[in-house]
Amino acid sequence: MSTTTHDRGGRLPRQIGYIIGNEGCERFSFYGMRNILTPFLISSLLAYMPEAERTLAAKDVFHSFVIGVYFFPLLGGWIADRFFGKYHTVLWMSLVYCLGHACLAMFEDHRLGFFIGLGLIALGAGGIKPLVASFVGDQFDQSNKHLAKVVFDAFYWIINFGSFFASLLMPIFLRQFGAAIAFGIPGALMFVATVVFWLGRHQYVMVPPAPPDQDAFSRVVRTALLSRRPGQARPGLWVAGAGVLVAVASFGLIPGLGFVIAACLALVALIAGIGGGAWIQMDRARGMHPDTAVDGARNVLRVLVIFALTTPFFSLFDQKASTWVVQGGRMTMPDWFHPAQMQALNPMLVMLLIPFNNLVLYPLLRRLGYAPTALRRMTAGIAFSGLAWIVIGGLQVALDGGDALSITWQILPYALLTFGEVLVSATGLEFAYSQAPASMKGVVMSFWNLTTTIGNLWVLLANAAVRNDAVTGSIARSGLSTIAFQMFFFAAFALLAALAFGLYARTYRERDYYRPG
């Protein structure tokens, strides 16, 4: 695999245009199907179920799908880093992605075929998700890294450009032309995305996969856990073993909670146990691995704590396509409008807020003596998501009380949530890349995407809880409806996470792992 060199003038790499174009089409494709998924499930595919059960079932399917999308980055990152490189992995996974879209369009009335399509999309979209952003970073080195932040912001802007039109148009196509057309158009855009990405193949900087490395992250962690020191116990190994036991025990929850929740809980236990155990004993890897590898592995573990504290944000953010759409269906709106179209507000506001923040807000804060560092922005973003859910909970209380509310009332919580998204997600992409040692970038970006998997796990657990009579009885005594109580619960969850994130961020020292010039 060849590696193209950069222009030393520090200019913007020309090949970035192909990646940005690919991302715009792919995001239209993904959000086009994602944003109509919940309404389609409730009105069509799950219509055989009693109406009282349909909404929760649709939310379970939606959030299980999102969990898959953000779990498979682990697979994509590993394949790219170890075997095929980012470019070839993105290309082949994109074809799987296209096949999944074809299944949705062909099997609109067949549950098994439709769910297979969702699985293929989760595999394809998840497989490329950590790699495209990381591939953008590979196009830069020390000579032009100052342009990387601008490109990452443009990258996030084009994501929302595609999402805006998908959110606005696909609910109309679903209503006017049916599911086959509404799911087929995103499939066509995904094929276009694949072709655009392929067209830039001769211009990309292609960093080859890392050869088997005796000092890789996994090997450093294993050495730290298994190394013996005379006269010293191995507490880290006990912590790791406890994590493995909890992970195995989690699968005993399948009869009550289902496979997805059990598997996600097992994953959390493994990461926490092995990561925590390795942290305790990391110095035991010194002497057997270079200090740079040990320090890099320790930094990855510190980054994972940052990632863990962002998971409550994603539990709130992704429910705008499920819980908020269901709430919108109870509000008054014009006959031509579909509540799912409110989601177009999110990308529209992102496209406005990114330039506003970079050109107005951040310079103003710097002039006032406050540096808007990446971690400070992310702390504020998590807090803003909590505020959004306080507002959406207030709207739900009014609806439960019999008030007729216009769907335009949702504009305020969308604005608050979107401001939080810009501060967390757009910042997190560049932060995750910059904190990863060269041999671990694909995997670390995968862990960044895994935050959304865990965020959606919290949603599934909350949905499972409200199926319990004891829980719903306690909620009823609070005077709130179940859905309103959940909304305020998630708001409190995010505000507590913002506090914890801010406290941890004060002790975190940022690293610079861009390639040398």
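Residues are numbered from 1 along each chain as its sequence is written. Because the model is predicted, local features need pLDDT of at least 70 and side-chain atom pairs count only at pLDDT 80 or more, while totals for chains, interfaces and linings use all residues; side-chain values use heavy atoms, with hydrogens and water left out.

Take helix 8 (residues 235-250) and helix 10 (residues 259-281) to begin with: they pack at an angle of about 180°, and their axes lie 7 Å apart. That makes helix 8 roughly antiparallel to helix 10 (angles over 145 degrees count as roughly antiparallel). Axes here are lines fitted to C-alpha atoms, for helices over the stretch in contact, and angles run from 0 to 180 degrees between N-to-C directions. The helices themselves are DSSP runs (H or I, at least four residues), numbered from the N terminus. On the helix 8 side, the residues that meet helix 10 include P235, L237, G243, V246 and S250; among their partners in helix 10 are A262, A269, L270, G273 and Q281. Sorted by class, this contact has 14 nonpolar, seven polar and no charged residues (Ala, Val, Leu, Ile, Met, Phe, Trp, Tyr, Cys and Pro count as nonpolar, Asp, Glu, Lys and Arg as charged, and the others, Gly among them, as polar).

Setting aside neighbours within four places in sequence, G243 is in contact with A269, L270 and G273, where contact means heavy atoms within 4.5 Å.

By class, the contact of helix 14 with helix 18 has 20 nonpolar, seven polar and one charged residues.

T194, finally, belongs to helix 6 (residues 179-199). The T194 side chain reaches the backbone oxygen of M190 at 3.0 Å. Not counting residues up to four places away in sequence, T194 touches N22, L91, S94, L95 and C98.

Key
Helices (H or I, at least four residues) and strands (E, at least two) are DSSP runs, numbered from the N terminus. Angles under 35 degrees count as roughly parallel, over 145 as roughly antiparallel, 65 to 115 as roughly perpendicular and the rest as oblique. A polar contact is a pair of N or O atoms within 3.5 Å; within protein, one must be able to donate a hydrogen and the other to accept it, and residues adjacent in sequence count only if both atoms are side-chain atoms.
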